[in-house]
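Please examine the sequence and the three-dimensional structure shown below.

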Amino acid sequence: MGLLDRFKKIKEGLSRTRTNFVDKISKIITGKTKIDDELIDEIEEALLSADVGYTATEKIVGDIRARVKAEGYEDSQVLRVLLKEEIAKYLIEADGAEQVRSTPHIIMIVGVNGVGKTTTVGKLAYNLRNDGKKVLIAAADTFRAAANEQLKIWADRAGVDIVQQQPGTDPGAVAYDAVSAAKSRGIDVVLIDTAGRLHTKTNLMEELKKIRRVVQKVIPEAPHEVFLVLDAVTGQNGLVQARQFLDAAGVTGIVLTKLDGTAKGGIVVAINQELSLPVKYIGVGEGIDDLQPFDRKTFVDALFSEQNSHD
Ligand code: GDP
Ligand code: MG
């Protein structure tokens with residue numbers, strides 16, 4: 001996908017957020033030509049309502065007030081520029097596409113049920129394959145019978161191989177098989193899909209730790225990445241859930257799904273600030289080409305770009 005198509009996808013994916021947040025900002029700014037405290041308070045409210053989160057909002061607004069004072073801005077139009085710069089400042093730069101340094105590169109995908117893990121595995125497999133990588137998917141969500149079928153459909157769509165076993169098999173065993181197979185078959189990237197909830201008494205965090213340990217028996221430095229998938233629609237609640245995973249699963253980055261389904265895309269800023277983790281990818285739809293590498297410049301440009309075009 002070319003850069004322009006990518007930008008368009010992200011822009012479309014952010015259209016609800018743009019309508020909620022950027023249109024609100026425009027109204028605030030057009031309503032008053034001169035900057036005053038009240039105007040900045042209104043911007044603060046707009047940030048909070050877009051789920052930017054309290055911590056990041058305080059920082060952004062604090063900086064804006066300081067800059068207005070220091071640089072002597074009066075015209076309210078300048079706030080649009082300041083806001084864009086400040087939001088970008090508090091976003092963590094992610095390196096986008098996967099940096100595969102040694103092969104096989106192992107990526108574990110974790111998160112609660114329904115956030116979009118399996119879909120993300122399929123989309124990521126597709127992206128990596130288009131990038132010329134040999135990809136193998138491991139079906140380590142062995143707790144639901146339907147999980148295998150769903151993942152197999154994604155693997156077929158992406159045109160990559162899958163390692164799966166009977167439902168109920170130990171997830172660690174599936175991961176072990178997949179990583180061993182990847183080593184012997186010269187695979188570049190292994191994507192391990194995991195369960196979000198267990199129907200047995202086993203604790204999910206313990207199960208994830210076990211998968212890690214088993215994978216490390218084959219490749220000591222694996223998994224090279226652990227992506228925690230968060231659903232943008234759940235907003236701040238998702239952040240509370242997220243903390244549980246951070247230590248147990250050794251999360252290295254976030255995949256934020258369903259941005260297209262929320263008006264609160266500001267959650268990206270909250271994630272960066274409150275979890276101190278980069279957002280590596282964003283999901284902007286249900287299609288196989290709807291997972292986009294996160295890039296902060298593209299993100300703010302898409303967020304603040306002109307009104308939705310319907311072409
Ligand atoms: P899992 O339980 O974490 O594996 O979640 P699934 O991958 O099964 O996804 C749950 C639902 O979320 C499915 O209906 C997906 O189509 C949907 N979904 C996943 N990512 C996105 C996204 O970026 N945008 C939208 N609109 N839906 C998504
Ligand atoms: Mg799943």
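Helices (H or I, at least four residues) and strands (E, at least two) are DSSP runs, numbered from the N terminus. The peptide bond that joins Ala222 and Pro223 is cis, with omega at about -10 degrees. This is a predicted model, in which local features need pLDDT of at least 70 and side-chain atom pairs count only at pLDDT 80 or more, while totals for chains, interfaces and linings use all residues. Residues are numbered from 1 along each chain as its sequence is written, chains are lettered from A and ligands numbered from 1 in the order in which they are written, and side-chain values use heavy atoms, with hydrogens and water left out.

A cis peptide bond also joins Thr103 and Pro104, where omega is about -10 degrees. Pro104 belongs to the loop between α5 and β1 (105-110), and the chain may now be followed into the sheet.

Two strands pair if DSSP finds at least two bridges between them. An open sheet of eight strands, with mixed pairing, has the order β3-β2-β4-β1-β5-β6-β7-β8. Its edge strands are β3 (161-163) and β8 (291-293), each of which pairs on one side only. From one strand to the next, the twist averages 25 degrees; angles run from 0 to 180 degrees between N-to-C directions, and axes are lines fitted to C-alpha atoms, for helices over the stretch in contact.

How many bridges join β1 to β4? There are five, and these two strands run parallel. Within β4, Val189 stands opposite His105. β1 also pairs with β5 in the parallel sense, over four bridges, and the bridge partner of Val110 in β5 is Leu228. By contrast, strand β7 (residues 279-283) pairs with β8 in the antiparallel sense, over three bridges. Ile282 has Gln292 in β8 as its bridge partner.

Burial is described by relative accessible area: buried means under 20%, exposed over 50%, and partly exposed in between (1.4 Å probe, protein chains only). β1 is mostly covered, since six of its six residues are buried. His105, Ile107 and Ile109 point one way from this strand, whereas Ile106, Met108 and Val110 point the other way.

α9 lies across β1, β2, β4 (189-194) and β5, running at about 175 degrees to β1. α11 lies across β5, β6 and β7, and runs at about 160 degrees to β6.

One residue of α11 (residues 267-275) deserves attention, namely Asn272. Why does Asn272 count as buried? Asn272 counts as buried because its relative accessibility is 2%. Not counting residues up to four places away in sequence, Asn272 touches Tyr90, Leu91, Ile92, Leu277, Pro278 and Val279. A polar atom of the Asn272 side chain lies 2.9 Å from the backbone oxygen of Leu277. (A polar contact is a pair of N or O atoms within 3.5 Å; within protein, one must be able to donate a hydrogen and the other to accept it, and residues adjacent in sequence count only if both atoms are side-chain atoms.)

Helices also meet each other. The axes of helix α5 (residues 78-89) and helix α12 (residues 296-304) come within 9 Å and cross at roughly 150 degrees. Arg80, Leu83, Lys84, Ile87, Ala88 and Lys89 of α5 make this contact with Arg296, Val300, Asp301 and Phe304 of α12. These residues divide into five nonpolar, no polar and five charged, where Ala, Val, Leu, Ile, Met, Phe, Trp, Tyr, Cys and Pro count as nonpolar, Asp, Glu, Lys and Arg as charged, and the others, Gly among them, as polar.

Finally, some loop residues may be considered. Asp51, in the loop between α3 (37-49) and α4 (54-71), has a positive phi of about 65 degrees although it is not a glycine. Asp51 is buried, because its relative accessible area is 9%. Lys258, in the loop between β6 (253-257) and α11, is likewise a residue other than glycine with a positive phi, near 60 degrees. Its relative accessible area of 31% makes Lys258 partly exposed.

Note on methods: Contact means heavy atoms within 4.5 Å.
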